[in-house]
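Please have the sequence and the picture in view while I talk.

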Amino acid sequence: MQTPDPAAVRAFLEDRHVELAAGIAEFGAREIGTLAEPADDGAARAQARHILEVLGRADWFAPIGDQDLRACCLIREALAAASPLADAVFALQALGSLPIVLAGTAQVKERWLPAVRAGRAMAAFAMTEPDAGSDVASLATTARRDGSDYILRGTKTLISNAGIADFYTVFASTDAALGRRGISCFVVPADAPGLRFVGPQVLSAPHPLGEIAFTDCRVPAACRIGDEGAGYRLGLATLDRLRATVAAAACGMAARALEEALAHALGRRQFGKPLAEFQLIQEKLARMAIELAAARLLVYRAAWEADRAGGAGGGGAGGATRVTLEAAMAKAFATEAAQRIVDAGVQILGGRGVLASHPVDRLYRSVRALRIYEGTTEIQHLIVAGQLIRAAEAARAARSNP
């Protein structure tokens with residue numbers, strides 16, 4: 001089977017997306033799927049830089065700057081199926097650069113965006129802190145204005161690409177008294193004086209992660225992205241816009257698990273017949289396929305709505321200006337479904353499914369994080385409920401005041 005398969009979500013795609021799906025599926029299998037899993041964190045960091053260059057040369061980062069969310073989802077599906085590490089590389093290019101696309105000055109855009117697209121500059125998104133995860137407003141990193149510069153102080157943790165990124169998109173408080181309204185966003189080059197890579201934080205799956213610290217790190221005011229105090233809104237807008245792509249990555253991992261499980265069920269014989277002839281195995285395969293199909297429909301509905309909002313990749317204006325509800329639904333459902341699908345794949349494969357050398361074991365180690373980063377499932381449920389409640393209250397008010 002082809003991953004991503006555009007047929008089932010064709011109603012949400014344009015012809016160019018169908019062509020892109022075929023291209024990225026072939027590319028992922030040829031250039032990414034043949035890479036061996038890194039043996040340790042150092043090897044993962046080296047391979048991430050290699051993947052960055054490979055994707056950049058092939059121009060697969062272009063849809064990020066074009067804000068073509070459906071294309072980004074198709075690319076993440078294919079990369080996640082071939083290599084979760086490759087998906088992470090693409091995801092961080094999007095996370096780290098989209099704030100620049102949305103609110104960066106011409107100078108900042110010219111400095112970083114062409115290099116991001118070409119794979120010459122690796123991005124990182126530095127929001128999480130030891131005491132600020134889902135509660136973004138409580139972050140403690142500060143940015144104090146000092147003439148024509150800002151001086152950053154604080155620590156960021158669980159930062160993807162920490163130690164290998166060329167720049168960090170950093171969120172810091174410029175006025176603690178204002179809470180979230182006092183948070184600003186900065187692009188900080190990795191070689192900025194006072195920025196230090198503290199060390200790696202090693203996951204069970206290959207993924208460059210670590211902690212960085214700012215000790216009187218001085219950056220020009222021109223490095224600020226957007227207005228002072230607009231960082232919180234910019235950060236949430238970035239996450240809101242890219243959340244559907246996380247769900248797409250989950251679908252890619254789930255599709256690969258289903259493919260591996262189906263192939264094993266057809267080829268493995270027990271008690272004189274293929275596993276695929278046992279009804280309990282058929283039930284698992286059916287449930288995996290149904291959940292994957294439902295997840296993909298939610299993903300591409302959300303991406304379609306985002307593109308309709310008038311982004312460069314949308315092909316038109318007049319759509320929803322925010323896709324908070326649709327994106328939250330897609331991420332919550334797809335990541336939870338992917339966890340179940342991959343787990344079922346392990347079960348069908350039996351002992352082979354827990355061998356470190358098997359692709360499904362790598363998927364099992366990688367898929368779990370998707371339910372946490374860029375907003376946990378629980379946070380997505382709160383977002384969905386909040387959107388429903390506000391809509392119901394607005395409808396009630398409209399009926400009361402015709």
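This is a predicted model: local features need pLDDT of at least 70, side-chain atom pairs count only at pLDDT 80 or more; totals for chains, interfaces and linings use all residues.

Let me begin with a question: does E14 count as buried, partly exposed or exposed? At 29% relative accessibility, E14 counts as partly exposed, where buried means under 20% relative accessible area, exposed means over 50%, and partly exposed lies in between, using a 1.4 Å probe and protein chains only.

Residues are numbered from 1 along each chain as its sequence is written, and side-chain values use heavy atoms, with hydrogens and water left out.

Now to the charged pairs. Side chains of opposite charge can pair when their charged atoms come close. A salt bridge here is a side-chain nitrogen of Lys or Arg within 4 Å of a carboxyl oxygen of Asp or Glu, and a search of the whole structure finds 23 of these salt bridges. E14, with which I began, forms one with R16, and the closest N and O atoms of that pair are 3.0 Å apart. R16 is itself partly exposed, with a relative accessible area of 36%.

A second example is the salt bridge in which the side chains of R10 and D15 meet, at 2.4 Å from N to O. In this pair R10 is partly exposed, at 34% relative accessible area, whereas D15 is exposed, at 53%.

The third example is set in other surroundings. The side chains of E77 and R296 meet in a salt bridge at 3.0 Å, N to O, and this pair links distant parts of the chain, since E77 lies in helix 4 (residues 69–82) and R296 in helix 8 (residues 279–308), 219 residues apart. Are E77 and R296 buried or exposed? E77 is buried, with a relative accessible area of 1%, and R296 also counts as buried, at 6% relative accessibility. Salt bridges that share partners also join E14, R16, D68, R70 and D307 into one network.

Let us turn to how helices pack. Two packed helices are described by the angle between their axes and the distance between the axes. The axes are lines fitted to C-alpha atoms, for helices over the stretch in contact, and the angles run from 0 to 180 degrees between N-to-C directions. Helix 1 (residues 15–32) and helix 4 pack at an angle of about 25°, with their axes 9 Å apart. The two are therefore roughly parallel to each other, given that angles under 35 degrees count as roughly parallel, over 145 as roughly antiparallel, 65 to 115 as roughly perpendicular and the rest as oblique. As for the residues that meet, where contact means heavy atoms within 4.5 Å, they include R16, L20 and I24 in helix 1 and R70, L74 and A78 in helix 4.

Helix 9 (residues 324–349) and helix 10 (residues 359–367) pack at an angle of about 150°, with their axes 10 Å apart. That makes helix 9 roughly antiparallel to helix 10. Among the residues making this contact are A338, V342 and V346 of helix 9, together with V360, L363 and Y364 of helix 10.

I will finish with a few single residues. Where is Q67 placed? Q67 sits in the loop between helix 3 (62–66) and helix 4, and its phi is near 55°, a positive value in a residue other than glycine; at 16% relative accessibility, Q67 counts as buried. F271 also has phi near 55°, a positive value in a residue other than glycine. F271 is found in the loop between strand 9 (269–270) and strand 10 (273–274), and F271 is exposed, with a relative accessible area of 78%.

Last, L92 is placed in helix 5 (residues 84–103) and counts as buried, at 7% relative accessibility. L92 and A123 are 31 residues apart in sequence and 6.0 Å apart in space, C-alpha to C-alpha. Not counting residues up to four places away in sequence, L92 touches A123, A124, F125, S160 and N161.

Technical notes: Helices (H or I, at least four residues) and strands (E, at least two) are DSSP runs, numbered from the N terminus.
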